[in-house]
Amino acid sequence: MSTLHVENLKGLSSGGNANKIIVPSGQTIDASAGTLTPGVGQVVQETFTKGNTNGTSSGSAWVNSVVVGSITPKFSNSIIRLFATAAIWRSSGGAYFGVRIVCSGGNTNTVATWGDGYYTGGGGISWDTPYQCEFVGGSTNAITCTFQFNPAGHGMWFPNNGSTHSPDHRWTVKLTEIKQ
């Protein structure tokens with residue numbers, strides 16, 4: 001086995017493949033024992049969490065839900081993109097309910113708040129809701145994002161507690177680290 005020691009690899013500056021370094025078909029660059037540094041805008045890593053647990057409240061204060069996701073950023077200035085879904089059940093009532101994401105660890109902020117959930121019909125209703133936001137990780141410490149909800153004095157399950165069909169995905173959270 002041969003070892004090549006270099007600081008930079010640079011393709012030829014002219015010709016049909018100018019400024020390219022080509023790995024021939026059938027060959028692989030194996031960087032599993034080292035580190036590849038991603039460029040700006042590239043995905044560094046993703047985490048995915050799912051659950052079939054649920055929670056309920058009919059109070060008028062913010063309540064921690066069971067919907068939680070975590071990621072440990074590799075770069076402190078990375079953007080963390082969150083995508084989550086949760087099946088929500090709401091009793092009838094004329095008040096807006098709120099949902100927000102509070103982070104602990106690297107980023108200790110409320111990173112997103114939604115305050116426009118509303119239902120006034122007769123009887124309860126359930127629906128699957130997607131949530132999306134982005135924020136700066138702020139460090140390379142683990143970040144835990146917890147969804148909180150405020151039912152504004154009306155019954156609410158976040159996520160819903162329905163047992164029909166034995167669900168194993170009442171909620172999901174995907175966190176993606178994007179290099180900046």
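## Basis of the description

The model is predicted, and local features need pLDDT of at least 70, side-chain atom pairs count only at pLDDT 80 or more, and totals for chains, interfaces and linings use all residues. Residues are numbered from 1 along each chain as its sequence is written, and side-chain values use heavy atoms, with hydrogens and water left out.

## Salt bridges

With a salt bridge taken as a side-chain nitrogen of Lys or Arg within 4 Å of a carboxyl oxygen of Asp or Glu, the count comes to two salt bridges. In one of them, Glu-46 pairs with Lys-174, and their closest N and O atoms are 3.8 Å apart. This pair links distant parts of the chain, since Glu-46 belongs to strand E1 (residues 43-51) and Lys-174 to strand E10 (residues 171-178), 128 residues apart; strands here are DSSP runs of at least two residues, numbered from the N terminus. Glu-46 is partly exposed at 46% relative accessibility, and Lys-174 is partly exposed at 33%, where partly exposed lies between buried (under 20% relative accessible area) and exposed (over 50%), computed with a 1.4 Å probe on protein chains only.

Glu-134 and Arg-81 form a salt bridge in which the closest N and O atoms are 2.6 Å apart. This pair also links distant parts of the chain, with Glu-134 in strand E7 (residues 125-136) and Arg-81 in strand E4 (residues 79-90), 53 residues apart. Glu-134 counts as partly exposed at 42% relative accessibility, and Arg-81 is partly exposed with a relative accessible area of 41%.

Cys-133 is in no disulfide, the nearest cysteine sulfur being that of Cys-145, 7.1 Å away. The sulfur of Cys-145 has its closest cysteine sulfur in Cys-103, at 3.0 Å, which is too far for a bond. Cys-133 is buried, with a relative accessible area of 10%, and Cys-145 is buried as well, at 1%.

Leaving aside neighbours within four places in sequence, Thr-172 is in contact with Phe-48, Thr-49, Lys-50, Phe-83, Ala-84 and Thr-85, where contact means heavy atoms within 4.5 Å.

Definitions and conventions:
Helices (H or I, at least four residues) and strands (E, at least two) are DSSP runs, numbered from the N terminus. A disulfide is a pair of cysteine sulfur atoms within 2.5 Å.
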